[in-house]
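Here's a quick tour of how charged side chains pair up in this model, with a stop at one helix along the way. Have a look at the fold first.

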Amino acid sequence: MNAATSLIPGLDQIVRHGDPKRRADAARRIADLFLEGAAKFRPDHVELFDGVLTGLVPHTGLAVRVDLAERLSILANAPRGLVGQLARDDEISIAGPLLRRSPVIDEQALVEIARIKGQGHLLAMSERRMLSTDLTDVIVQRGDREVVRRAAGNAGALFSHDGYSSLIKRAGQDAVLTLAVGQRADLSEPQLKDLLAGSIDVIRRRLLEVARPDRRAEIKQAMSDISGMTERVESHRDFAPAQRTILALHGAGELNEAALLGFAKDHKYEESVAALSAMAAVKIATLDRLISGDRYDPILIVGKTIGLEWATVRALILLRLGKNRVASPADIEGARVNFARLMPSTAEGVVRFWQTRQSA
């Protein structure tokens, strides 16, 4: 520690009265000294460095702090005060490495940061090797779609009963999240059934494909139970006249979004489904079965895939409900938000799955 103590006598003046350049230079020198000898330092030595660096590091440039955070993030004896200071930085390139993997940030600090910082900080935390239920409760409550998906896919994350309830509720409008939650080893059978009950058939089948072999039997049983609870009603609609109408429009070069919107506003279900079928290259029987179900997700998915405007998607949702049913403003707003958030690549993947797996 002789090198360290030789630096410290002059530091008080630098911290109190030194210009930013002198403070930054001192911070770099002392940080390098700590990092070079970190493996040999006793706790009291680390505490000494911590007290000095927390006063100097804020005066260094962005690049220096980013590099320091990256190097400190893997140290088991990194200065706790300095790590906490950097982990709370608004700049995610500084806070991120520490939030992802630093072993010295305690649980209380992580939860505190999760409650006040933005999505970048939450996303970094969701990648930690272990996540407690207290932390995931905050992540699920505050996190956006990407954050929650990442946390759900983290095998080291633990979720409380309330946390799982929130995950399952959000998964009802997010196929990717459904697949992530459905593959978790700690998901109970009742929770699996709740998850599948809130998803559409095509997502259930996809989950069955990607799940671990030991989980597939549970998924099949849950799907069977759900099928027994909700008897399937086959469509008796005659789509032949609508198909002729759509074929004529296509031949005239007039099969477009405006025509589809007109069908939806006029409550012409068969023509609307036939038009969607032609525009999305999905069989009429498949679309009819999906759209006439108890969720509006398929309309969002096919709408996003073929690039429909929200006004057309909204009209299709209202068409699905029928003339005599009124959609609540909250439901329509929720559908609008989900449609805006839905990634085209995700929607296109689901449609490809419909195209290859659904029977005519």
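## Salt bridges and a helix

R100, E127, E146 and R150 are joined up in a network of salt bridges, a salt bridge being a side-chain nitrogen of Lys or Arg within 4 Å of a carboxyl oxygen of Asp or Glu. Keep in mind that this is a predicted model, where local features need pLDDT of at least 70, side-chain atom pairs count only at pLDDT 80 or more, and totals for chains, interfaces and linings use all residues. Residues are numbered from 1 along each chain as its sequence is written, and side-chain values use heavy atoms, with hydrogens and water left out.

How many salt bridges does the structure hold? The count is 18. Side chains of opposite charge can pair when their charged atoms come close.

| Pair | N to O distance |
|---|---|
| E70 and R101 | 2.1 Å |
| R149 and D174 | 2.9 Å |
| D214 and R212 | 3.0 Å |

Take E70 and R101, whose closest N and O atoms are 2.1 Å apart. Helices here are DSSP runs (H or I, at least four residues), numbered from the N terminus. Both partners are partly exposed: E70 has a relative accessibility of 38%, and R101 comes in at 35%. For the cut-offs, buried means under 20% relative accessible area, exposed over 50%, and partly exposed in between (1.4 Å probe, protein chains only).

R149 pairs with D174, and this too links distant parts of the chain: R149 is in helix α11 (residues 145–152), while D174 is in the loop between α12 (161–171) and α13 (175–182), 25 residues apart. D174 is buried, at 5% relative accessible area. In the pair of D214 and R212, R212 is partly exposed at 31%.

Back in helix α5 (residues 62–72) you'll also find V64, which is partly exposed at 26%. V64 and A31 are 33 residues apart in sequence, and their C-alpha atoms are 10.0 Å apart in space.

Which residues of helix α10 (residues 133–142) are buried? They are L135, T136, V138, I139 and V140. The buried residues of α10 pack against α8 (107–116), α9 (119–125), α11 and α12, where contact means heavy atoms within 4.5 Å.

Note on methods. Helix = DSSP H or I, 4+ residues; strand = E, 2+ residues; numbered from the N terminus.
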